[in-house]
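Please keep the sequence and the coordinates at hand while reading.

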Amino acid sequence: MPSEAAPSAAIPAVGEAAPSAIEIDGVTVERDGRAILRGVSARLAARRTAVIGANGSGKSTFVRLLNGLVLPTVGAVTVDGLDTRRDARAVRRRVGFVFTDPQAQILMPTAVEDLRLSLRGRPRKEIDRRVAEALHAHGLEDRGDIPASALSGGQKQLLALASVLIADPALLVADEPTTLLDLRNARRIGDLLLAGPARLVVATHDLDLAARCDHALLFDDGAITASGDPATVIDAYRRSCA
Ligand SMILES: Nc1ncnc2c1ncn2[C@@H]1O[C@H](COP(=O)(O)OP(=O)(O)O)[C@@H](O)[C@H]1O
Ligand SMILES: [Mg+2]
């Protein structure tokens with residue numbers, strides 16, 4: 001679908017001028033000869049977008065398009081004007097990605113080392129200051145030097161999120177970031193995701209989190225079947241499951 005047709009899925013831009021948005025233009029993703037996303041077009045200009053839908057509906061594939069982890073078989077994806085295929089490196093620098101399982105993301109033996117890794121190449125003084133600030137902001141100030149493997153599940157997800165946020169991504173993409181957490185930790189991670197300065201796109205089964213976003217997309221069988229205000233889209237999802 002040409003990009004001129006995309007505004008059907010557009011939402012009021014919150015003080016954003018184009019191209020400061022994510023454009024998904026006629027995207028099909030095929031795997032093993034099967035389309036797992038089918039002709040998806042959307043323009044995401046809200047500060048916080050929730051992606052909801054049943055297991056296997058295409059949420060993870062969709063959010064992985066946004067940092068180029070998945071490339072379209074047909075169509076194109078741009079983030080603030082950068083094409084995920086052509087400008088892959090610039091896109092990776094701009095987009096932070098939080099996975100469901102923080103173990104997949106924590107690369108270093110301790111929280112301090114993991115946070116420092118995200119800032120590598122910057123002046124040492126700046127790294128020291130920002131790592132201390134991040135530990136404090138995520139309630140990990142006394143957990144910085146213990147083995148990361150000894151952190152609780154909630155603390156691991158806090159660390160994974162902190163390691164992404166510390167690099168100041170313009171866009172934060174999260175794939176079911178609260179699924180493995182208890183209610184208290186899910187709320188805490190949700191608060192941090194929603195409050196951050198970065199634009200957020202979050203795939204989630206946590207409908208409380210989805211309801212707190214500014215916009216929602218509903219996926220069904222590889223296509224967007226509803227797009228709009230979260231309460232309305234969540235209602236459509238509930239009705240589709242009834
Ligand atoms: N790499 C892959 N190879 C083959 N099939 C895949 C691959 N990734 C996802 N799929 C299939 O695509 C569909 C959508 O998957 P996914 O995007 O993970 O959905 P969701 O995140 O909503 O559960 C599922 O049927 C899944 O099995
Ligand atoms: Mg998924």
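Strands β4 and β5 form a hairpin with 2 residues between them, and Asp80 in the turn has a positive phi of about 50°. Helices (H or I, at least four residues) and strands (E, at least two) are DSSP runs, numbered from the N terminus. The model is a predicted one, in which local features need pLDDT of at least 70 and side-chain atom pairs count only at pLDDT 80 or more, while totals for chains, interfaces and linings use all residues. Residues are numbered from 1 along each chain as its sequence is written, and chains are lettered from A and ligands numbered from 1 in the order in which they are written.

Two strands count as paired if DSSP finds at least two bridges between them. The table gives two of these pairings together with residues that stand opposite each other.

| Strand pair | Bridges and sense | Opposite residues |
|---|---|---|
| β1 (residues 22–31) and β4 (residues 74–79) | 5 bridges, antiparallel | Thr28 and Val74 |
| β4 and β5 (residues 82–83) | 2 bridges, antiparallel | Thr78 and Asp83; Val79 and Leu82 |

Which residues surround ligand 1? The shell consists of Arg31, Asp32, Ile36, Gly53, Asn55, Gly56, Ser57, Gly58, Lys59, Ser60 and Thr61, where a residue is near a molecule if its C-beta atom, placed from the backbone, lies within 6 Å of it. Helix α1 (residues 59–65) gives the most to this shell, with 3 residues. By class, the shell divides into 1 nonpolar, 7 polar and 3 charged residues, with Ala, Val, Leu, Ile, Met, Phe, Trp, Tyr, Cys and Pro counted as nonpolar, Asp, Glu, Lys and Arg as charged, and the others, Gly among them, as polar.

A residue is buried if 20 or more other C-beta atoms lie within 10 Å of its own, with C-beta atoms placed from the backbone.

Leaving aside neighbours within four places in sequence, Leu66 is in contact with Ile22, Val77, Val79, Val95, Leu171, Val173 and Val201, a contact meaning that the C-beta atoms of two residues, placed from the backbone, lie within 7 Å. Val201 lies in strand β8 (residues 199–203), and it counts as buried because it has 27 C-beta neighbours inside 10 Å. Not counting residues up to four places away in sequence, Val201 touches Leu44, Thr49, Val51, Val63, Leu66, Leu171 and Val173.

Over the whole protein, 42% of the 242 residues count as buried, and residues 24 or more positions apart account for 66% of the contacts with a separation of 6 or more.

Definitions and conventions
A residue is buried if 20 or more other C-beta atoms lie within 10 Å of its own, exposed if 12 or fewer, and partly exposed in between; C-beta atoms are placed from the backbone.
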